[in-house]
Amino acid sequence: MPLPLRLADLRFGVGIDVVSAGRVSRLISEHPGALEEMFTPTEVAYAATRRMRSRHLAARFAAKEAVLKAFGTGLGARMRWHDVEILNEPLGRPVVHLSGEVEALATRRGVTAVEVSLSHGEDLAFAHALVVSDARASGFPGPSIARRRGGRRCAST
Amino acid sequence: MTDEQIWAAVHSAVKEALGVEDDEVTPEATLMDDLGAESIDLLDILFRLERKVGVKIKAADLSAHIQGDIPEGDFGDDDGVVTDAALAQLKRVMPQIDTERLAGTLQAQNVIKLFSVQNLADLVQTRAAAPPAR
């Protein structure tokens, strides 16, 4: 029976990103292959059903960036943009699906949850991501909730 | 391709993607800090380079080039600070960096900010000279 998870065992990573929808639109129109490289077929299909396709693609790109920032790696070696896929629940809530090298990293780090929130205005798309890890699962301490100067960690609960 | 041809291609790709002036795109200029590139701009630069020189470099290839053979878990310590081994690797691909000044302080997530236009040209040169994958 697993030991109860303590708040002190949790590690949190946050990431935020903002992307211009116009920038994404120009990139896709100027570079054949960009759409396929940056977005999964499901993401492309979802954006195609929306009135302002480029805004939704921009929000998804911002979400991928935000998630990778929350991992603290950015787009690392052997990672692909498809490894972070933004899907939608029936009522519209975005959910993150990891695969490939990013999923492998999440497993190594004992990640238990990845959450995103998206928004977009006239041209700018925003995304905020939260990655929650169980430090016991991986032995990866990462940034803790509270840290005293000098590198020693405080118990947070 | 000659070094001059590659430099010209990198120079124009960076200038076009970022909308900066000719004289801002110097070999020493860092793509992110000096020239203001963001991740989507790096993508744009790489796509332009593929058209100009026929060398396909993905964003992850950039990270792999910088990271070298250092495993992800060994690149930074518990506080995310680049390890000595990783710093030695960074010096190989970014010879302009001051490893003494950066030792013990450089955060792994900030490494990409040190990548200069010349570093990119060197990467393109390496990839252009490599035999095609079978």
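**Reading the packing and the pairs**

Q: At roughly what angle do the axes of helix α3 (residues 41-48) of chain A and helix α4 of chain A cross?
A: First the general idea: a pair of packed helices is described by the angle between their axes plus the distance between those axes. In this predicted model, the axes of α3(A) (residues 41-48) and α4(A) cross at roughly 145 degrees and come within 8 Å. Their crossing is right-handed.

Q: Which residues of α3(A) and α4(A) meet?
A: From α3(A) you have A:Glu43, A:Tyr46, A:Ala47 and A:Ala48, and they meet A:Arg53, A:His56, A:Leu57, A:Arg60 and A:Lys64 in α4(A). Sorted by class, this contact has four nonpolar, one polar and four charged residues.

Q: And how does helix α1 (residues 21-30) of chain A pack with α4(A), at what angle?
A: Here the angle is about 100 degrees, and the axes of α1(A) and α4(A) are 8 Å apart. That angle makes α1(A) roughly perpendicular to α4(A). On the α1(A) side, the contact is made by A:Ala21, A:Val24, A:Ser25 and A:Ile28; on the α4(A) side, by A:Arg53, A:Ser54, A:Arg55, A:Leu57 and A:Ala58. By class, that comes to five nonpolar, two polar and two charged residues.

Q: What about chain B: at roughly what angle do helix α1 (residues 3-18) and helix α7 (residues 117-129) cross?
A: The axes of α1(B) and α7(B) cross at roughly 125 degrees and come within 9 Å. The two helices are therefore oblique to each other, and α1(B) passes α7(B) in a right-handed crossing. The α1(B) side of the contact is B:Asp3, B:Ile6, B:Trp7, B:Val10 and B:Val14, while α7(B) brings B:Val117, B:Gln118, B:Leu120, B:Ala121, B:Val124, B:Gln125 and B:Ala128. Nine of these residues are nonpolar, two polar and one charged.

Q: Let's move on to charges. How many salt bridges does a search of the whole structure find?
A: The idea is that side chains of opposite charge can pair when their charged atoms come close. Over all chains, the search finds 18 salt bridges. One pair to look at is A:Lys69 with A:Asp17, whose side chains meet at 2.9 Å, N to O. A:Lys69 lies in α4(A) (residues 53-71) and A:Asp17 in strand β1 (residues 10-20) of chain A, so this pair ties together parts that are 52 residues apart in sequence.

Q: How many salt bridges are there between chain B and chain A?
A: The count is four.

Q: How many residues are in contact where the chains meet, and what area do they bury?
A: 21 residues of chain B are in contact with 27 residues of chain A. Between them the chains bury about 1,900 Å², with 52% of it on carbon and sulfur atoms. For chain B's share, check B:Ile40, B:Phe47 and B:Glu72: they supply 31% of the area that chain B buries against chain A, more than any other three residues.

Notes
Residues numbered from 1 in each chain as written. Chains lettered and ligands numbered in written order. Predicted model: local features only at pLDDT ≥ 70, side-chain atom pairs only at ≥ 80, totals over all residues. Heavy atoms only, no water. Axes fitted to C-alpha atoms, helices over the stretch in contact; angles between N-to-C directions. Helix = DSSP H or I, 4+ residues; strand = E, 2+ residues; numbered from the N terminus. Parallel < 35°, antiparallel > 145°, perpendicular 65-115°, else oblique. Left-handed = near helix turned anticlockwise from the far one by under 90°. Contact = heavy atoms within 4.5 Å. Nonpolar A, V, L, I, M, F, W, Y, C, P; charged D, E, K, R; others polar. Buried area = accessible area lost by both parts, 1.4 Å probe.
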